[in-house]
Amino acid sequence: MVREVDLMSYLPLFMQGYREPAATLRAEEPEFDIVWAAADRMLRNRSISTADEYGIGRLERILGIYPQEGEPLELRRLRLQNRWCSSLPYTVRVLAERVAECLKGEHNFSICTDFQDGYRMELVVYTSDESLTEELWYILSTIVPANIMTEIVYESVTSGLTAYVMGAMEQADIIEIRQR
């Protein structure tokens, strides 16, 4: 939204030939550039997804989040998104959506529940990167009720595995005949 400010274009045509108003307006153009840049920054910082370092820091202070030294901006943005955007009611589907947002993919995890024999839930994460453990624990602690025992299991996927899959497909056309 940052604009190229040309104050001379706002003058009537008969006044654009005078030197004094033209010099005054050219001197004021840098101030308008600063105002437009500040307005653009303010509008970008209204949303977590477009906020810069300053906007993320402000929202972290509002929510009482203290980032660690050298933490990347995207991880801080993800943490803010998790704390800010929580909606009720909490279900296993909502939990799966939030974990998928955190891990950036639907196929990076699985949720195993055992509510018949005991109140247990297991989150199996298919990666060896444990940098998001704190965020996963926060998601589990806010969504899963306290009487359900939760566990995070990391399973690394080997890269040299070859799998052969066979499948069959059948197609059928269903024609419905009605009498008039």
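**Fold, sheet and salt bridges of the predicted model**

The protein chain holds 5 helices and 3 strands. These elements are DSSP runs numbered from the N terminus, with helices (H or I) of at least four residues and strands (E) of at least two. From the N terminus on, their order is α-α-α-α-β-β-α-β. The structure is a predicted model, in which local features need pLDDT of at least 70, side-chain atom pairs count only at pLDDT 80 or more, and totals for chains, interfaces and linings use all residues. Residues are numbered from 1 along each chain as its sequence is written, and side-chain values use heavy atoms, with hydrogens and water left out.

Confidence is given as pLDDT, the predictor's score for each residue from 0 to 100. The protein chain averages a pLDDT of 82. A score of at least 70 is reached by 85% of the residues. Among the elements, helix 2 (residues 53-63) has the highest mean pLDDT, at 91. Helix 5 (residues 133-143) has the lowest, at 85. Where pLDDT is low, the predicted coordinates should not be read in detail.

Of the 180 residues in the protein chain, 26% are buried. R58 lies in helix 2. With a relative accessible area of 39%, R58 is partly exposed. R58 and N45 are 13 residues apart in sequence, and their C-alpha atoms are 9.2 Å apart in space.

The surface also carries a nonpolar patch. Patches are made of residues with over 30% relative accessible area and no salt bridge; like charges are joined within 9 Å, and nonpolar side chains (Val, Leu, Ile, Met, Phe, Trp, Tyr) within 5 Å. Areas come from the Shrake-Rupley method with a 1.4 Å probe, and for residues only the protein chains shown count as cover. I62, L63 and W84 make a nonpolar patch of about 300 Å². W84 lies in helix 3 (residues 73-84). W84 is partly exposed, because its relative accessible area is 44%.

The 3 strands form an open sheet in the order 1-2-3, with mixed pairing. Strand 1 (109-114) and strand 3 (149-154) stand at the edges. Each has a single partner strand, so one side of each is left without a neighbour in the sheet. Neighbouring strands of this sheet are turned by 15° against each other on average, direction ignored. The axes behind this angle are lines fitted to C-alpha atoms (for helices, over the stretch in contact), and angles run from 0 to 180 degrees between N-to-C directions. Two strands pair if DSSP finds at least two bridges between them. Strand 1 and strand 2 (residues 120-125) pair in the antiparallel sense over 6 bridges. The two strands form a hairpin with 5 residues between them. C112 has E122 in strand 2 as its bridge partner. T113 is partnered by M121, also in strand 2. In a regular strand the side chains alternate between the two faces of the sheet.

Salt bridges were then examined. A salt bridge is a side-chain nitrogen of Lys or Arg within 4 Å of a carboxyl oxygen of Asp or Glu. The count comes to 9 salt bridges. R76 forms one with E60, and the closest N and O atoms are 2.8 Å apart. This pair links distant parts of the chain: R76 is in helix 3 and E60 in helix 2, 16 residues apart. Both R76 and E60 are buried.

A second salt bridge joins E135 and R83, with the closest N and O atoms 3.2 Å apart. E135 is in helix 5 and R83 in helix 3, 52 residues apart. E135 counts as buried, because its relative accessibility is 2%. R83 is partly exposed, with a relative accessible area of 22%.

R120 lies in strand 2 and E151 in strand 3, so the pair ties together parts that are 31 residues apart in sequence. R120 is partly exposed at 37% relative accessible area. E151 counts as partly exposed at 33%. Finally, salt bridges that share partners join E71, R79, R83 and E135 into one network.

Technical notes: Buried < 20%, exposed > 50% of the residue type's maximum accessible area, 1.4 Å probe, protein only.
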